[in-house]
Amino acid sequence: MCGILVSYSKSQLIDIENFRKSLELQKHRGPDNTGVISVSDKLIIGNVRLSITDLSKNSNQPMVSDITSNIISFNGDIYNYVELRDYLKKKGVSFFSNGDTEVLLKYLELKGTRGITELNGKWAFVFYNKRENKLIVSRDRFGKQPLYYYNDNETIIFSSEVKSIYNL
């Protein structure tokens, strides 16, 4: 169990300290690491991590691609990540971690949104494609992993917990 928090504002700057406090409200979901990436003054991506698949720091999040600088914040388990990893290795993709987060990141980079249909597991994630300046948000088909959102046409927030949204 990890926690995701993402805030995007069309017009106003996001208060990074308030964002960090809002993410801290989810610390019980991921006591092993807290990470925040300020993509811009208007887009911030955060994650609290519970280390399960890969206990090393290499799987800390938000995770940034070593090739494209794309970013992912992920909560869940990709059950078929070993098979997806083998597929990617055959395509010449190399890895710096042993977890499913990096496999998901690199699979999305290769396949795009159509790769989501090939995932087996439970997940909620936010994937930022830097080159296209696109934010992709996904939750598993059955909604096993929580992902709440708030949208007032100026600001959109995605979170694993409602209290982080309220705080922002």
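Predicted model: local features only at pLDDT ≥ 70, side-chain atom pairs only at ≥ 80, totals over all residues.
Modeller: Residues are numbered from 1 along each chain as its sequence is written, and side-chain values use heavy atoms, with hydrogens and water left out.

Biologist: Why is Y107 called buried?

Modeller: Buried means under 20% relative accessible area, exposed means over 50%, and partly exposed lies in between, with a 1.4 Å probe and protein chains only. Y107 has 2% relative accessibility and therefore counts as buried, whereas Y87, with a relative accessible area of 31%, is partly exposed.

Biologist: What makes Y87 and Y107 an aromatic pair, and why is it called edge-to-face?

Modeller: Rings of Phe, Tyr and Trp (its six-membered ring) pair if their centres lie within 6.5 Å, and planes under 30 degrees apart count as stacked, over 60 as edge-to-face and the rest as tilted. For Y87 and Y107 the centres are 6.0 Å apart and the planes make 70°, so by this definition the two rings pair edge-to-face. Y87 lies in helix α2 (residues 81-90) and Y107 in helix α3, so the pair ties together parts that are 20 residues apart in sequence. Helices here are DSSP runs of H or I with at least four residues, strands are runs of E with at least two, and both are numbered from the N terminus.

Biologist: How do you know that β4 and β5 pair?

Modeller: Two strands pair if DSSP finds at least two bridges between them; β4 and β5 have 2 bridges in the antiparallel sense, and therefore meet that definition. Within this pairing, V64 stands opposite I71 in β5.

Biologist: What makes β4 and β7 edge strands?

Modeller: The open sheet of 4 strands has the order β4-β5-β6-β7, with antiparallel pairing. β4 (63-64) and β7 stand at the edges with a single partner strand each, so one side of each is left without a neighbour in the sheet.

Biologist: Why is strand β6 described as largely enclosed?

Modeller: Of the 9 residues of β6 (residues 121-129), 8 are buried, so the strand is largely enclosed by the rest of the structure. In the sheet, 8 bridges join β6 to β5 (residues 71-78), and 6 bridges join β6 to β7 (residues 134-139). D77 has K122 of β6 as its bridge partner, while Y128 stands opposite L135 in β7.
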